[in-house]
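Subject: Structure handover

Hi,

Here is the structure for your files. My notes follow below it.

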Amino acid sequence: MDKFLRAAIDEARQGMAEGGIPIGSVLVIDGEIVGRGHNRRVQQGSAVLHAEMDCLEQAGRLTAADYRRATLYSTLSPCDMCSGAVLLYGIPRVVVGENSTFQGPEGYVRSRGVEVVVVDDAECRELMAQFIAANHALWNEDIGE
């Protein structure tokens, strides 16, 4: 398995251990992780701290040139909000652990020139399937349903 996807899964597991939603993300520039995050909506009482948003926040301020060399890894297909951040900052590549339990606007993101790679990782699928089965109401809240 890709070490960066493994790091995102580790973030997802950390979020689950904290009582949150098991989605993790890392931002990679020039082969180095510059930001890590996991969904902290429950832990922080936040409306916006999805894994990708937390990851970007933890990476801190970066230049446009930095973002143009970046790859965002996420254990789950990014939602509209997180995909919007990818487009806003010009991140050219997103690696998705799985998109069977939830699929964000991947086609739109691709149409805007972003390379979206879906790995379809079994561990990512299992984490989300177990969480959704046990926490259906919380999951619906997270995706705005």
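Buried means under 20% relative accessible area, exposed over 50%, and partly exposed in between (1.4 Å probe, protein chains only). This is a predicted model: local features need pLDDT of at least 70, side-chain atom pairs count only at pLDDT 80 or more, and totals for chains, interfaces and linings use all residues. Residues are numbered from 1 along each chain as its sequence is written, and side-chain values use heavy atoms, leaving out hydrogens and water.

Aromatic pairs

Rings of Phe, Tyr and Trp (its six-membered ring) pair if their centres lie within 6.5 Å; planes under 30 degrees apart are stacked, over 60 edge-to-face, the rest tilted. The whole structure holds three such pairs. One of them joins Phe 4 and Tyr 73, tilted, at 5.5 Å centre to centre and 50° between the planes. Phe 4 sits in helix α1 and Tyr 73 in strand β3, 69 residues apart. Helices (H or I, at least four residues) and strands (E, at least two) are DSSP runs, numbered from the N terminus. Both Phe 4 and Tyr 73 are buried. Phe 102 and Trp 139 pair edge-to-face: 6.0 Å between centres, 85° between planes. Trp 139 is buried too, at 4% relative accessible area.

Helix α7

The buried residues of α7 are Cys 124, Leu 127, Met 128, Phe 131 and Ile 132. They line one face of the helix, because they fall within an arc of 120° seen down its axis (directions from the helix axis to the C-beta atoms). The face turned away from the buried side of α7 carries exposed Ala 133 and Ala 134.

Best wishes
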